[in-house]
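Here are some exercises to work through with the model open beside you. Try each task before you read its solution.

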Amino acid sequence: MAKAPAKKPAAAAKAPATPSKSSAASNGHAGPSVQPVLNQQFDAPAPLQKYGTVSQRLPIGLDEKTRQQSVNNLNQLLADTITLRDLYKKHHWQVVGPTFYQLHLLYDKHYEEQSALVDTIAERIQILGGVAVAMAHDVAELTSIPRPPRDREEAPIQVGRLLEAHQIILKNAHKFAKEADDSGDDGTNDLAVSDVMRLNELQVWFVSEHVVDTPLARTE
Ligand SMILES: [Fe+2]
């Protein structure tokens with residue numbers, strides 16, 4: 001078993017040098033001379049598709065008006081879901097108090113579940129011919145969930161903040177599911193109900209059960 005690779009070095013030595021290898025050698029560099037072209041975005045032509053528009057490329061049996069409405073609604077759900085996902089991670093890191101370990105684990109579980117939902121919503125937007133909002137700057141402008149402070153907060157305040165965010169998403173999901181149903185976009189209706197509503201309602205249950213009579217935040 002140890003003797004088997006003995007022939008390899010001999011075979012490698014016989015192989016002729018490739019042009020890139022000889023060029024690399026003459027440059028005094030170890031790797032090939034091919035370099036990535038950076039900064040291409042500064043003189044690029046128009047983008048493939050502008051954000052806010054809807055392409056009709058995929059034959060999925062839905063008209064442009066329906067797709068446009070669903071894409072707009074889904075981008076709102078997406079921005080809010082990304083924000084809630086990140087709120088869970090913030091709270092996972094910053095949680096404090098007697099329920100630290102439970103909440104630390106629960107917040108991360110919910111973060112992972114919201115993260116999967118983010119992908120589901122974004123890919124539905126692309127399927128409909130839209131452009132999914134993605135970057136933090138754009139998400140911050142679009143989301144309807146209030147911005148939390150950078151500071152570390154008490155656990156009951158974290159819980160309240162999360163429940164408010166869930167409720168904003170759930171109210172929108174009900175409205176958007178109805179609109180998708182009325183326009184005949186069954187796939188978006190199903191996503192809003194089966195994915196967004198079911199997950200958010202379940203997480204509201206788990207988080208709400210941490211609301212107890214003993215106020216952990218008051219010091220009087
Ligand atoms: Fe962690």
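**Exercise 1. Describe how helix 6 packs against helix 7, giving the angle and the axis distance.**

Solution. Step one is the geometry: helix 6 (residues 155-183) and helix 7 (residues 186-208) pack at an angle of about 160°, and their axes are 9 Å apart. Here axes are lines fitted to C-alpha atoms, for helices over the stretch in contact, and angles run from 0 to 180 degrees between N-to-C directions. Helices (H or I, at least four residues) and strands (E, at least two) are DSSP runs, numbered from the N terminus.

Step two is the label: the angle makes helix 6 roughly antiparallel to helix 7. Angles under 35 degrees count as roughly parallel, over 145 as roughly antiparallel, 65 to 115 as roughly perpendicular and the rest as oblique.

Step three is handedness: helix 6 passes helix 7 in a left-handed crossing. A crossing is left-handed if the near helix is turned anticlockwise from the far one by less than a right angle, and right-handed if clockwise.

Step four is the contact itself. Helix 6 contributes residues including V159, H166, A173 and D181, while helix 7 contributes residues including T188, A192, V196 and S208. Two residues are in contact if their C-beta atoms, placed from the backbone, lie within 7 Å. The residues of this contact divide into 15 nonpolar, 6 polar and 2 charged. In this count Ala, Val, Leu, Ile, Met, Phe, Trp, Tyr, Cys and Pro are nonpolar, Asp, Glu, Lys and Arg are charged, and the others, Gly among them, are polar.

A note on the source before you go on: this is a predicted model, in which local features need pLDDT of at least 70, side-chain atom pairs count only at pLDDT 80 or more, and totals for chains, interfaces and linings use all residues. Residues are numbered from 1 along each chain as its sequence is written.

**Exercise 2. Treat helix 4 with helix 7, then helix 3 with helix 4, in the same way.**

Solution. Start with helix 4 and helix 7: their axes come within 11 Å and cross at roughly 170°. That makes helix 4 roughly antiparallel to helix 7. In helix 4, residues including L106, E113, I121 and R124 meet residues of helix 7, among them G187, L191, V196 and F206. The residues of this contact divide into 7 nonpolar, 5 polar and 3 charged.

Now take helix 3 and helix 4, whose axes come within 8 Å and cross at roughly 160°. That makes helix 3 roughly antiparallel to helix 4. Helix 3 passes helix 4 in a left-handed crossing, and the residues of their contact divide into 14 nonpolar, 8 polar and 4 charged.

**Exercise 3. Which residues have the most contacts inside the largest nonpolar core, and which helices each supply at least two of its residues?**

Solution. The largest nonpolar core has 36 residues, and those with the most contacts inside it are L77, L78, I121, I125, A173, A192 and V196. Such a core is a set of buried Ala, Val, Leu, Ile, Met, Phe, Trp, Tyr and Cys residues joined through C-beta atoms within 7 Å. A residue is buried if 20 or more other C-beta atoms lie within 10 Å of its own, exposed if 12 or fewer, and partly exposed in between, with C-beta atoms placed from the backbone.

Next, assign the helices: helix 3 (64-94), helix 4 (100-127), helix 6 and helix 7 each supply at least two residues of this core. For a close look, pick A173, which touches L77, A192, V196 and M197, not counting residues up to four places away in sequence.

**Exercise 4. Is D63 buried or exposed, and how far is D63 from D185 in space?**

Solution. D63 is exposed, because 11 other C-beta atoms lie within 10 Å. D63 and D185 are 122 residues apart in sequence, and 9.5 Å apart in space, C-alpha to C-alpha.

**Exercise 5. Where is H210, and which residues does H210 touch?**

Solution. H210 sits in the segment after helix 7. H210 counts as partly exposed because it has 17 C-beta neighbours inside 10 Å. Leaving out residues up to four places away in sequence, H210 touches T99, L103 and V159.
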